[in-house]
Amino acid sequence: MVDLAFLLVTFFMLTTKFAAEEVVVVDTPSSTSEIQLPESNVIRLLIDKDKHVFFGFESDKAKPLLLDKIGAKYGVSFTEKQKKAFGNVSTFGVPVQQLGALLDMTTEQRKKVNQGGIPIDSLNNQIIDWVMEARKANLEAISKPTFIAIKGDGDADVATVKKVIQILQDKNINRFNLITDLENKPVVSR
Amino acid sequence: MAEIQQNSGGGGKGGKKRAKKMSTRIDMTPMVDLAFLLLTFFILTASFNKPNVMQLTMPVKEKDNKDPTEIKSSDAFTIVMSENDKLYYYEGLLAEDVKPELKVSDYSADGIRKVLLARQRQNPKTVVLIKPDDKSNYKNMVDILDEMNITNQSKYALVDVSKADLEFIKNSGL
């Protein structure tokens, strides 16, 4: 029995992936929905209470490709070291122009930086490029479609959330997953 | 857990000092305790870190959308979400000459949920128009979408709040 216990411990230790630390604290509201977020191929859009939007995407194969594509689009080049660092950054919120500097930092330094969000204005809309390129990169790398998950803070204002949804709808993305905490479903009498 | 060490018998007087015979078995209890503790921890974290999601499907936007879907005024039920966790609702559609009765409610179980259920009993074809005001927060939006799930309201839409709605609320003095 003890052998088995150790076997299981080892198994769970190796398979557990700790939730990656996020750049901002996002306190999600709760809902009764019991659908679970798929494990992979998820593009996360974090919206914090200060109306900032952050981008998160995790994939070993598609991420370097994504950085290349974005770099080409904005005329920014990244070094090999920066590309490697990008693989470890689960979420970030800086304009592309500042991304290089962010990637040069150590993990500790990065935590201290106050990231101001990715621009979503109509003049400088970088978030849509990140989403579209991530979709393309994922398709190219592992040929799987991606899901869009919106993780908004309970205090985030609807205007920002609506704007993000609008931006994605303009590109014909109409399915969203709103990340929420679970709460018990009340019994409804009819 | 600690075992009582048996006093080696016959130690007493005289006799050569003999090396104590150590048992070859070691007490594994603490280690096993730890193993199970870790096991429980990993099992729990493995299944709990998956977040829950609420699916939201927006209608496909058509480029030349001249006349969006019209709904009958008798089927319509409008909810306007306002600041401070307040919401307004009225039955029917707002028009120049028709001013429906505006009521105030909140997101609690006795609030909008009861109203929605009553409305559904009255008219099962109800279409709920959810109009989030810019002053409401995201939690309100999730709450109201959740109410739709709870009450099994199948037809609902997120619509932008119109100027007429805001005027209407302002003039009502609620």
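In this predicted model, 44 residues of chain A are in contact with 36 residues of chain B. Contact means that C-beta atoms, placed from the backbone, lie within 7 Å. Local features need pLDDT of at least 70, side-chain atom pairs count only at pLDDT 80 or more, and totals for chains, interfaces and linings use all residues. Residues are numbered from 1 along each chain as its sequence is written, with chains lettered from A and ligands numbered from 1 in the order in which they are written.

**Interface**
- On the side of chain A that touches chain B, α1 (2-15), β2 (35-36), β6 (147-152), α7 (158-170) and β7 (175-182) each supply at least two residues. Helices (H or I, at least four residues) and strands (E, at least two) are DSSP runs, numbered from the N terminus.
- That side divides into 23 nonpolar, 12 polar and nine charged residues. Nonpolar covers Ala, Val, Leu, Ile, Met, Phe, Trp, Tyr, Cys and Pro; charged covers Asp, Glu, Lys and Arg; the others, Gly among them, are polar.
- β7(A) runs antiparallel to β1 (residues 52-57) of chain B, joined by six bridges. Pairing requires at least two DSSP bridges.
- A:Phe176 has B:Leu56 as its bridge partner in β1(B).

**Contacts of A:Val161**
- Beyond its neighbours within four places in sequence, A:Val161 is in contact with A:Ile47, A:Ile150, A:Gly152, A:Ala156, B:Tyr138 and B:Met141.

**Helix pair**
- A:Gln82, A:Ala85 and A:Phe86 in α3(A) meet A:Gly100, A:Leu103 and A:Asp104 in α4(A).
- By class, this contact has three nonpolar, two polar and one charged residues.

Key: Two residues are in contact if their C-beta atoms, placed from the backbone, lie within 7 Å.
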